[in-house]
Amino acid sequence: MHLDDDPSDHPSFTYAQLDRRARAIAGRLQDMGFAGQRVLLVYPPGLDFIAAFWGCLYAGCVAVPTSPPHRHRMGDRFQAIVADSGARVVLSTAAAADQFQVMTESDSSGQAGASSRILWLATDEIPDVLADLWNEPAIAADALAMLQYTSASTSQPKGVMLSHANLMANIRAIHQAFELHGEDSSVFWLPMYHDMGLVGGVLVPAFAGLKSIFLSPATVLQNPITWLAAISKYRATISGGPNFAYDLCVRRITDQQRATLDLSSWTLAFVGAEPV
């Protein structure tokens, strides 16, 4: 479930529904001739990213998650990733594609870049019936599953190649370290294109078959009580984030707000920080 700002609209998937959405997206990618190719994922916060990521893997594609562009520098980063990855298609929602495409078709100098020639595909417009088109590919453990790009804060973004075996080894290691059980549930707000948000927040809970609650990063950073309130309301057992997020809760959550919380269900609070 994704907790949108609108309290009356909290989209959710069952695992069966997610599987069908992923097969529909995979069927479309295969039908368009993109099987085995690199595919960019550019999404606002929400469940569409999750379906698209699984859809890429189902199609035998290489998923290339990246942050949505917001400024010229982010547009330059997007251009660099398109050029480096060799992707010919970007997956997004229809509304986001209209917005992001304009922002990324030229770099900060105004010159048309590689992304001006890339195809944008709105996955929320792909009907579920296309799941019947899907053909399960034969995927070797050492086949490339995704490219994970660096932030480009100090240089051009660099892609790290992760195989299916790499991902599964990481997922199993976290699953074992967290000692997950079927009755556990999680709350995550970290960006899904980021390693901790994707592997820890999406892939590990799915591997364990857990109930997962997601929030927008911007929502939590603007109003950190929403993070703890979600844990309290949905009785989550697993959640965490970078060390600054805990500091933010201490500084920004009032005594009155704390009094409304019951965090007794929260048994595993992880922190992403530098080793001490």
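Some ground rules before the close-ups: Ala, Val, Leu, Ile, Met, Phe, Trp, Tyr, Cys and Pro count as nonpolar, Asp, Glu, Lys and Arg as charged, and the others, Gly among them, as polar. This is a predicted model, where local features need pLDDT of at least 70 and side-chain atom pairs count only at pLDDT 80 or more, while totals for chains, interfaces and linings use all residues. Residues are numbered from 1 along each chain as its sequence is written, and side-chain values use heavy atoms, with hydrogens and water left out.

**View 1. Here is the second largest pocket, with a volume of about 400 Å³.** A pocket is an open set of points on a 1 Å grid over the protein atoms alone, with protein on both sides within 12 Å along at least five of seven lines; lining residues have an atom within 4 Å of a point. Points join across faces, edges and corners, and a volume is the space filled by probe spheres set on them. Of the 15 lining residues, W54, L57, Y58, H164 and M168 sit nearest the centre. The lining has 13 nonpolar residues, one polar and one charged.

**View 2. Now the largest pocket, holding about 690 Å³ of space.** Its lining runs to 34 residues, and T66, S67, P68, P191 and Y193 lie nearest its centre. By class, that's 20 nonpolar, eleven polar and three charged.

**View 3. Last up is the largest cavity, with about 30 Å³ of space.** A cavity is a set of grid points where a 1.4 Å probe fits but cannot get out. Among the residues lining this one are F178, F188, G200 and I238. The lining splits into seven nonpolar, two polar and no charged residues.
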